[in-house]
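Please read the following with the sequence and the coordinates open.

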Amino acid sequence: MKSALIYVCFLVMGFAFTGCVSEPALVVKKHLHNSWEFKERESSEWYNAEVPGVVHTDLFNNGIIEDPFYRANEDSVQWISKKDWVYRSLFDVTREDLVNDNIDLVFDGLDTHASVYLNGDHLMDTDNMFREWSKEVRDLLVEGENNLEIIFKSPEKYNIEQAAKLPYELPEDERVHSRKAQYQFGWDWGPVLITSGIWRPVYLRMWNQARIDNVFLETAGIDDDNAYVKGKVRVEASDSSPLEITISSPDNLFTSVTKTVSVDEGLNEFYVKFEIADPQLWWANGMGEPYLYNVDISISCDTGADTVSERIGIRTIELVQNPDEYGSSFEFYLNGEPFFAKGANYIPLESFPSRLTYEDYESALEDAVKANYNMLRMWGGGIYEDKIFYDLCDEKGILIWQDFMFACAMYPGDDHFLENVKNEIEYNVERLRNHPSIALWCGNNEIYNGWFDWNWQTRFNYSKEDSLTVWNDYQTIFHELIPQVLEEKDPGRDYWPSSPLYGWGHEIATRKGDNHYWGVWWGMEPFEMYREKVSRFMSEFGFQSFPAWSTIKEFTIAEDRELWSDVMLSHQKHPVGNETIKEYMQRWYPEPKNFEKFVYVSQIMQAQGVGDGIAAHREAMPYSMGTLYWQFNDCWPVTSWSSRDYYGNWKPLHYYVRRIYEPLALSATIEDDNLKVFVISDLRELVDGELYIDLVDFNGSVISSIEVDFEAESNRGNLVYESSVDELINDLSVNNIALSISASVDNYDLSDIYHYFSLPKEMALQPVNYDIDVVKSTQGYRVTLSSDYLSRHTRLNIDGYSGWWSDNYFDLIPGDKKVIVFETEETITDFEEKLTVISLVDAF
């Protein structure tokens, strides 16, 4: 930790001189990440281990298991979570280390059921991977070599033992007793890879006299001239003494404030207020700059100083639910401005999150920004993410709907479990509350919905007493314990007990609260139902597709690449996923000619279906004020609902989302035999422009044209044109005509759209020839493309090279030219020869 700087004034012959002296740090960290080894508890053979890490990755790194992601190897590693594992390390402590008054052994994350020993002494037992564990160890350390050993108990054994103690069975009782990432036990998009290990940093925290334990910087008010910030500083002290607390700006953007206090042994809390003049507000992506202030919080005393650096955004955020004629609104206001929440649901980027890097997080969140997201929902079956993730969201203006880590099950309510949960909630709220990106705390995913709609009481043969006990335990956690912690630790942020409020089978689900609509997919309802089930806030809905073909090649060999192969089925976790995709595909498309083209068509279908659902939500503003589709990403290579696959490849859906999430976007639909064209506006001002509608055939000939002036109000789906379909097409055959729709607005670019009058399987598609021009550019390669016939869902690809297409999976009509940039740092010789271009017709 860097030394703190304090300013000392000297009085010499009546004159004041200000000097700057550097004081020794009160707190020093010594990471313990080297010289680790591990073994199965009953074995005598030790292997090298990597910390942070988990047993699966250590076994893989030592060549003991094959890659669990490759082919069907997941099945061959299930024995791992049934075993107990031991980790140990020898580390040196110097005489200088032992001079410190206090030395704490700190684990930022232990996964999960562990017993910790230092030099043969039992330190602690842990049972929660979501929190820090620490112990004062100065008197147990010796100069020279020290031995740290951790025994991890099988999480499977633990859950079996705990479940046996209850007189009834809880839903998902193979996982709910462990305060551990629930997705590791398997989901309908995720493998069963139940880890153990030291998954986050471990270190010695050596300190003297006092240290900063936690800081909460809360914006108490904002007016035209100032932001008023209340700092709550928690200090741990080893004895009673005076000290100074200083809050300052390293960038000199506000006046420093210093307060002299007295601390007692133990934990002490102090309030220090400061003001920021002419504050710049923090805004979400697309609304303005996500401006951040650097803030240094220091304590200083006679033996040294301790400094903590934070970043804050000056902003207000609230969830507004006002009763209206339909039910109740559900919308977020940022700095007093309502906005449409655009984004998706986020699951962990990895089944083994300890191996994620800064670059992994940066790449994923940059893809969210490129797709015009302003919000991600942190789904409750995953993890509370690394600080890197939240820092990047702060920087990029991505708001976070933060679930607590409970999902799709009922949980125990005994005293030990409740205390464990309380510690977890307190730790993570304190850890995350300074991030301006945190918009909402949410208690859980789909548990309220599950209790009333998933028939658990009958399935598990609950008596009346059992039902009351299980339900009361739910109430205790999500309506008492969590709200009480939030009231104490983060009272200014809204809390939503469970997502969704009602199950998708209830009519009220579209009129009040948030909705998880799964009639499409689970209910096998047609995609058109997305337009019937527009809700106040859609926090889950979606459809599966296969990952990129390059991803499939990563985990298969040639003989595996078939829809019903054992390997492909092992990477499809929904029980009837492939059957569902095929059923929907038959409704819209001809039979693809091979598996590779089946993969492509599945992706197009996902983009078309989900994309139109998002358009329906956007058109319905301000009735509908948010859509977070399921799901943004994958934790391994898999057929899933994601728009971005495990390797970061954009599926067509991500490009469709990028267009419909633009701050000004066009959409069109046919309702009651009338064509309706909308200009969707997220802008905070009224804009006007011109709308151009051309009726064209697939050869590019313009049959008729319409121009319309329009005004688009802010935060609204503006209906700017409506006409009878019969009047538009004049008895023309619908299988080879389309509407080309574009708009012109000063200072804004709107993506053109095409609207068709028949299903893809009824269209008169033909093979397409392309005119391609490639020019090397500073960003990579600029491709100009034109076609001699309608090219639907045009896909450009450069196999074997890393990069990003600025647009892809678009429609192209003869007479139009499309300019796309392939952004890459690689030099690609013979780019045009290596470039492949296909369209929908090539799939059949």
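Helices (H or I, at least four residues) and strands (E, at least two) are DSSP runs, numbered from the N terminus. The model is predicted, with local features requiring a pLDDT of at least 70 and side-chain atom pairs counted only at pLDDT 80 or more, while totals for chains, interfaces and linings use all residues. Residues are numbered from 1 along each chain as its sequence is written, and side-chain values use heavy atoms, with hydrogens and water left out.

The pLDDT, the predictor's confidence in each residue from 0 to 100, averages 95 over the protein, and 97% of the residues score at least 70. Residues 1-21 have a pLDDT below 50; this stretch has 37 contacts in the model beyond near neighbours in sequence, a contact being heavy atoms within 4.5 Å.

Several loops carry backbone features to inspect. In the loop between β8 (113-118) and β9 (121-127) sits Asn119, a residue other than glycine with a positive phi, near 50°. Ser499 and Pro500 are joined by a cis peptide bond with omega about 5°, and Pro500 is placed in the loop between β29 (495-496) and β30 (515-516). Another cis peptide bond runs from Trp630 to Gln631, with omega near 10°. Gln631 belongs to the loop between β32 (626-629) and α15 (652-660).

Next come the charged side chains. A salt bridge is a side-chain nitrogen of Lys or Arg within 4 Å of a carboxyl oxygen of Asp or Glu, and the count by this rule is 46. One of them pairs Asp97 with Lys30, at 2.8 Å from N to O. It links distant parts of the chain, since Asp97 is in helix α2 (residues 95-98) and Lys30 in strand β3 (residues 27-31), 67 residues apart.

Asp688, Glu690, Glu707, Asp709, Glu711 and Asp746 form a negative surface patch. Patch residues have over 30% relative accessible area and no salt bridge, and like charges are joined within 9 Å; the areas come from the Shrake-Rupley method with a 1.4 Å probe. Strands β35 (687-697) and β36 (702-712) each supply at least two residues of the patch. The most come from β36, with 3 residues, and Glu711 lies in this strand.

The loop between β35 and β36 holds Gly700. Leaving aside neighbours within four places in sequence, Gly700 contacts Ile813 and Pro814.

Key:
Patches are made of residues with over 30% relative accessible area and no salt bridge: like charges are joined within 9 Å, nonpolar side chains (Val, Leu, Ile, Met, Phe, Trp, Tyr) within 5 Å. Lys and Arg count as positive and Asp and Glu as negative; His and the chain ends are not counted. The place of a charge is taken as NZ of Lys, CZ of Arg, CG of Asp or CD of Glu.
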